[in-house]
Amino acid sequence: MKKEDLPQDPGALAKFTREVCYVKNDDGKYETALSKGWDIKKQALDSAWEEVNERVEDARKAVANGEKSPVYYFMELRLMDLSVLAGYTGFFPFFIKRHFKPSVFKDLSERKLEKYARAFDITVSELKNFKG
Amino acid sequence: MNIDSQTDAFRHVQTAHCENGVTTALLRYHGLDFMTEPLAFGMGSGLFYIQIPFLTVNNGPAISFRTMPGAIFKRTCKSLGVEVTRKKFSNPAAAEAFLDQKVKEGAPVGCQVGVFHLTYFPKEYRFHFNAHNLIVFGEEDGRYLISDPVMEDVTSLSKEELSRVRFAQGPLAPKGHIYFPEKIKPITDDMIRKGVVSGIRRNVRDMLRIPGNFAGVNGIRHTSNHVRKWRDKLGLRKASLYLGQIVRMQEEIGTGGGGFRFLYGAFLEEAAAYLQDDRVANISEDFTKAGDMWRASAIKMAGVYKGRLTEQKDFEEIADMMLDIRLVEKEAFEKLSRLKLGR
C-alpha cells in the first residue's frame with residue numbers, strides 16, 4: 001500500500017486514537033503512517049454490531065414471551081457466550097443452560113443470582129425483575 | 001546490564017500491534033534502542049495464518065493472521081538472550097501486590113488484559129477479546145499509568161479497573177499475566193543478525209511445513225474452500241457476517257494493514273539492511289503484494305456484507321482471490337527458504 005492510498009475514513013476509533021499502518025513512501029521504502037480508519041472495516045464492525053443488536057432483541061422477546069430467563073438476555077446484552085459466562089460466574093455451561101429456563105431461574109438461590117448479577121454488572125433486583 | 005541500574009524515564013511507543021509494541025517499548029527501555037516494531041515482529045516470527053477448527057469467536061470463524069499471543073515477546077527476547085519473568089495468578093489481590101511491588105521498583109511491566117471492560121476503549125471495540133497487551137509504567141494519585149501501544153498517547157486506569165481487565169474471563173483468560181525482561185546482556189550486531197535469521201527460518205517453517213491443512217499457507221486454502229460453501233450452508237446473511245469477521249481480523253486496529261503482511265514486508269526491509277543482503281529486500285516486495293491482495297479481497301468481501309453482492313459467483317470470486325494470495329505467500333516463503341540463510 002502506498003502512503004497516498006492510506007484511507008482516512010473516520011470511524012469508531014476517530015474519537016479515541018488514530019492507528020499505525022505500514023505504508024510505502026515515494027522511495028519505495030516502508031514507513032509508518034497514521035490512519036483515521038477505513039470504510040471497509042467500519043462496515044464490517046457495523047454489521048457485527050447489527051448482528052449483536054438483533055440477538056439482544058431476540059433474547060428480549062424470548063424473555064417477554066416466557067421462553068427464556070433474564071440470564072439469557074443479559075448474557076446476550078453483554079456479548080457473552082456460554083464459555084465467557086462460565087468463566088465469570090464459575091458455573092459449568094451445563095448448569096447455565098438450565099438457568100436459561102424460566103422455571104429453573106425462579107428458584108435460583110440468592111447466592112447464585114448474586115454471581116450472575118456481578119458478571120453482568122447489574123443488581124440482583126434488576127436481574128430478577130427483568131421482564132423483557 | 002542489570003535493570004536495577006536503569007533510571008531513564010519510560011517512553012511510550014505507538015505501534016500497529018499491541019504485543020509488538022509492548023516488546024519494543026520494554027526492550028527500548030532496557031537500552032535496546034535499535035528495537036523497532038517490524039524487527040520485534042519478525043524476530044518473533046509473528047506472521048501466520050490459521051483457521052482454528054471447531055472454534056467460533058463472536059459467533060464467527062476463528063481466524064488469525066498472526067502467531068499465538070505471547071509468542072512474539074517470548075521468541076524475540078529469547079533470540080536476543082534476554083531473560084524474562086512471566087507470572088500468572090489465581091488471586092487478584094496477589095496479582096495486584098506483585099504489580100505494586102514492580103511499580104515501586106520503577107520497572108515498567110507488560111500485562112495481558114481483556115478489552116471488554118477496558119474503560120478507555122471505545123464501546124464499539126469492546127468485545128470479549130482477552131489477548132490485548134499494555135504496559136504499566138508508574139502510579140500517580142492512586143491510578144496506574146498505562147502505555148497502550150495502539151494509542152497515540154498514554155492513559156491511566158484505577159486499581160479496580162486494571163484488576164478487572166487483568167482478570168477478564170473466557171477463552172485466553174489472562175489470569176493476571178504479567179511479564180517483563182529481567183536481565184539483559186550487551187547485544188552485538190551479530191546477535192541481532194542471528195535473531196533475524198532464526199526468526200525468518202522459524203516463520204518459513206510455520207507457514208510452509210506446519211502439519212495439517214488449516215494453518216500456514218494451506219490454511220488460506222482451507223478457508224477458501226469454506227467460503228465457497230458458506231452461502232449454501234449458512235444462508236446469505238450468516239455467510240456475509242462470517243466474511244465481515246475475516247475482514248475485522250485482517251484489517252482492524254493492530255494489524256498494520258493487510259493482515260500483518262505489510263508489517264512483515266517492513267521487517268524484511270530492515271532485515272536486508274542487517275544482513276547486507278538485497279535478495280531479502282526483494283522478497284519484501286512479495287509481502288507488499290500479498291498485503292495489497294488481502295486488502296483487495298476485503299473490498300470484495302465488503303460488497304457482500306453491505307448487501308451489494310449476493311450471488312454464489314461472488315463467493316467463488318472471493319475464494320479464488322484467497323487461492324491467489326496463498327500462491328503469492330507460498331512462493332515468497334519458498335524464496336526465503338531457498339536463500340538458506342545462516343547456513
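How many residues does the contact take from chain A and from chain B? The legends below start there.

**View 1. The contact between chain A and chain B.** The contact takes 30 residues from chain A and 40 residues from chain B, where two residues are in contact if their C-beta atoms, placed from the backbone, lie within 7 Å. On the side of chain A that touches chain B, β1 (19-24), α1 (39-64) and α3 (82-89) each supply at least two residues; helices (H or I, at least four residues) and strands (E, at least two) are DSSP runs, numbered from the N terminus. The largest share of that side comes from α1(A), with nine residues. By class, the side of chain A that touches chain B has 18 nonpolar, five polar and seven charged residues (Ala, Val, Leu, Ile, Met, Phe, Trp, Tyr, Cys and Pro count as nonpolar, Asp, Glu, Lys and Arg as charged, and the others, Gly among them, as polar).

This is a predicted model: local features need pLDDT of at least 70, side-chain atom pairs count only at pLDDT 80 or more, and totals for chains, interfaces and linings use all residues. Residues are numbered from 1 along each chain as its sequence is written, while chains are lettered from A and ligands numbered from 1 in the order in which they are written.

**View 2. The two domains of chain A.** Chain A is divided into domain 1 (3-37) and domain 2 (48-128), with bounds from an automatic or database domain assignment. Their C-alpha centres lie 40 Å apart.

View 3. UniProt, in an unreviewed entry, places the feature "domain: DUF4872" here; UniProt positions are given in the numbering used here, feature names are shortened, and annotations may be inferred rather than shown by experiment.

**View 4. Helix α6 (residues 189-208) of chain B against helix α11 (residues 312-338) of chain B.** The two axes come within 10 Å and cross at roughly 140 degrees (axes are lines fitted to C-alpha atoms, for helices over the stretch in contact, and angles run from 0 to 180 degrees between N-to-C directions). That makes α6(B) oblique to α11(B); angles under 35 degrees count as roughly parallel, over 145 as roughly antiparallel, 65 to 115 as roughly perpendicular and the rest as oblique. I200(B), V204(B), M207(B) and L208(B) in α6(B) meet E329(B), F333(B), E334(B), L336(B) and S337(B) in α11(B). By class, this contact has six nonpolar, one polar and two charged residues.
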